[in-house]
Amino acid sequence: MLDLNRYPSLGAALKDALDRFAGEICLIEADRDRENHRLTYREFRDRALPITAYLQERGFDSGSRAAIIMTNQSKWLISAYAVFYSGGVLVPLDYKLSALEHIPLLKHSKAEVLVTEYHFWRAITQSPDFGDIKIKTVIVTDAPASAELEGAIRWEEANSESTPNFIERERSDWACIVYSSGTGGRPKGCVLTHDNYLEQCVALTSLYPFWPGVRYLSILPTNHAIDFMVGFIGPFVCGATVVHLRTLRPEFVREAFTRYQITYMALVPMVLKNLETGLRTRFAELPPAKRFVLNRLIWLNKKFTQKEPNLELSRKLLKQVHEAFGGGLRALFVGGAFMSPETLQFFYELGIQVGNGYGLTEAGTAVTLNDFKPFRADTVGKPLPGMEVKILNPDAEGIGQVAVRSRTVMAQYLDDPELTSETIVDGWLMTGDLGRFDSMGHLQLFGRAKNMIVTEEGKNVYPEDIESAFDGLPVKEYCVFAANYIWPERSMLGEKLVIVLRLDEGQEVDDALIAKLLERNRRLLNFKRISGYVVWRQDFPRTASMKIKRYQLAEQIRESFDRQTALKEL
Amino acid sequence: MQSLEQTVDEILNLASSHFKVSRSELSPTDDFFKTLKIDSLQALELLTRLENHFRIELPDYEVQGVSDFQTLGERIQARL
């Protein structure tokens, strides 16, 4: 691994990595059961420099911003390298958003360059708000030969034979603008510096090292903080291999473990649960005698790994289970959302370590991670090296808001000093999550103090971002909330969004209104949908500028009704 | 080539047998996440079944944001 303390920027570290590990396999790109290509670090560099030169010829320079909207593929990382090589700022956008959601973020980020896949670009150009964005250079991948590109250039043509200049950056310079929300409301663009990323990388690789030969399976979107770190920066500075799978189909994900002898993989709770279900089904289908033997082996493994994991022993005891994961798996990382302890325990008893942690975009990638000494399924682990974590105003049970201070905490929210000063107070990041430390120093999470939900797919959903989907609803006024924000629950599972309906005088909820709610709900992606409604008979409290006072409204509802009485399922 | 109506009908039949939901409970405009009580990964599993049935290949992005049988049928029909 490179000694990252020596490097002032991601660009400098990555540049050296491509030279140092030139002959190692850097990327493998697969689509279903087909392998598209594999690149060494040398070949990666040879592909990246012509596009870097092209961008620089188009005026892309130190501090310029470039957005990427792409599924997981080698061109994502090549583009990101070109941006860092040129001293630019990367804006990794979530490809799962719609064009209508991409446009405000492209506009807000002031990106001069966009690298995207053809189908995303087509959707953007067909959007009524297309005229709102002014992007100097758009590079489109995967475009059919006959496609009309609306001013964009094909990836294959975006290259130059000249030698690009490497632009040095300082640790405190901006590396990325990552949007944690704001697709329909106030954009929250987390500005992360080179120092943030390099520090985070040192901390994570101290617990989970990479080296040449290690293979990381990338299925989380690379714009996601976890995949960006453990599926790009981490493996690259260690000469490891990243395997991109261009589909999320469970059957191909399972196949990829064995086909590519995967060492690490990051996933969201939903995918881990899917793997658990698959294993449990296979176990249940075993003949009774074999099942008996398996249960005994699991019992033995559990007994021998009570204090700490023993991967070699587990691989021997539960050979077939580990072979189903390719035989070389060292750990799975789960993040992006809260994971149920039962699932974590299930995998641990099979000898498969699941690095369960807690993090948020505003703090880089991860704040805490389970160190397995001993394994504790009911916690999100201990603070990573360099992280200070404290509990603010703890109640009688020791539960309070989690605050974080470290070199990985973002510099600011882009162009929003007010929100920045509310979020970073005296150097401490206010996470809005509720937790406490146990006697061993493991962090346990109990819910949120903020108005948002996180789905099992790891999606953060802010009510303000989806309210516009209900514009024109035939009621006096309405407001969307996280149910737990109105009625706090000490759980981070099964979080739901609800709509509060202020009806007109004499109005009642009827079939027509329900049909309208359902119809509007369908316009939202499934993870953004509301699951119920609350009828409220008073005008909403508002500020002088007519914004809804959400906290006050939630308080009024809470004081008037309990959840069971007020909340009606849709 | 078969009609869109036939395609949607075959999708409903397949969804009904795969997820063990009565065919009579399914209609083209249904939100399949809700009616079948499935998550997005299970929806991708259904997609693989449909690909095998119709002998086509649908990239994941083609069905991103699709949640009703009718639209799913249209995406499949376009590739038949």
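## Burial and overall dimensions of chain A

Of the 570 residues in chain A, 49% count as buried; a residue is buried if 20 or more other C-beta atoms lie within 10 Å of its own, exposed if 12 or fewer, and partly exposed in between, with C-beta atoms placed from the backbone. The model is predicted: local features need pLDDT of at least 70 and side-chain atom pairs count only at pLDDT 80 or more, whereas totals for chains, interfaces and linings use all residues. Residues are numbered from 1 along each chain as its sequence is written, while chains are lettered from A and ligands numbered from 1 in the order in which they are written.

The C-alpha trace spans about 75 × 65 × 50 Å along its principal axes. Chain A contains 19 helices and 28 strands, these being DSSP runs numbered from the N terminus (helices H or I, at least four residues; strands E, at least two). Of the contacts in chain A between residues at least 6 apart in sequence, 70% join residues at least 24 apart; a contact requires C-beta atoms, placed from the backbone, to lie within 7 Å.

## The nine-stranded sheet

Nine strands of chain A form an open sheet with mixed pairing, in the order β2-β1-β11-β10-β12-β13-β14-β15-β16; two strands pair if DSSP finds at least two bridges between them. The edges are β2 (34-40) and β16 of chain A, each of which pairs on one side only. Helix α9 of chain A packs on this sheet, touching β12, β13 (331-334) and β14, and its direction makes about 135° with that of β13(A). Such angles run from 0 to 180 degrees between N-to-C directions, and axes are lines fitted to C-alpha atoms, for helices over the stretch in contact.

Strand β10 (residues 215-218) of chain A is covered on both faces: Arg215(A) and Leu217(A) are buried on one side, Tyr216(A) and Ser218(A) on the other. In a regular strand the side chains alternate between the two faces of the sheet. Four bridges link β10(A) in parallel to β11 (residues 241-245) of chain A, where Arg215(A) stands opposite Thr241(A). Two bridges link β10(A), again in parallel, to β12 (residues 264-267) of chain A, and there Leu217(A) has Met265(A) as its bridge partner.

Helix α13 (residues 341-349) of chain A has Leu344(A), Phe346(A), Phe347(A) and Tyr348(A) buried. Their cover includes α9 (269-284) and β14 (354-358) of chain A. Just after α13(A), Gly351(A) takes a positive phi of about 85°.

Asn370(A) lies in the loop between β15 (368-369) and β16 (382-383) of chain A. Asn370(A) counts as buried because it has 27 C-beta neighbours inside 10 Å. Beyond its neighbours within four places in sequence, Asn370(A) is in contact with Gly355(A), Asn356(A), Gly357(A), Phe375(A), Arg376(A) and Gly381(A). Asn370(A) and Lys382(A) are 12 residues apart in sequence, with a C-alpha to C-alpha distance of 6.1 Å.

Two bridges join β27 (residues 532-536) of chain A to β28(A) in antiparallel fashion, with Tyr533(A) opposite Lys568(A).

Strands β21 (residues 428-437) and β22 (residues 443-448) of chain A run antiparallel and are joined by five bridges. They form a hairpin with five residues between them, and Gly441(A) in the turn has a positive phi of about 90°. Phe437(A) stands opposite Leu443(A).

## Chain B and its contact with chain A

The contact between the chains takes 16 residues from chain A and 13 residues from chain B. On the side of chain B, the largest share, five residues, comes from helix α3 (residues 40-54).

Within chain B, helices α1 (residues 4-18) and α4 (residues 69-77) pack at an angle of about 120°, with their axes 9 Å apart.

Methods. Two residues are in contact if their C-beta atoms, placed from the backbone, lie within 7 Å.
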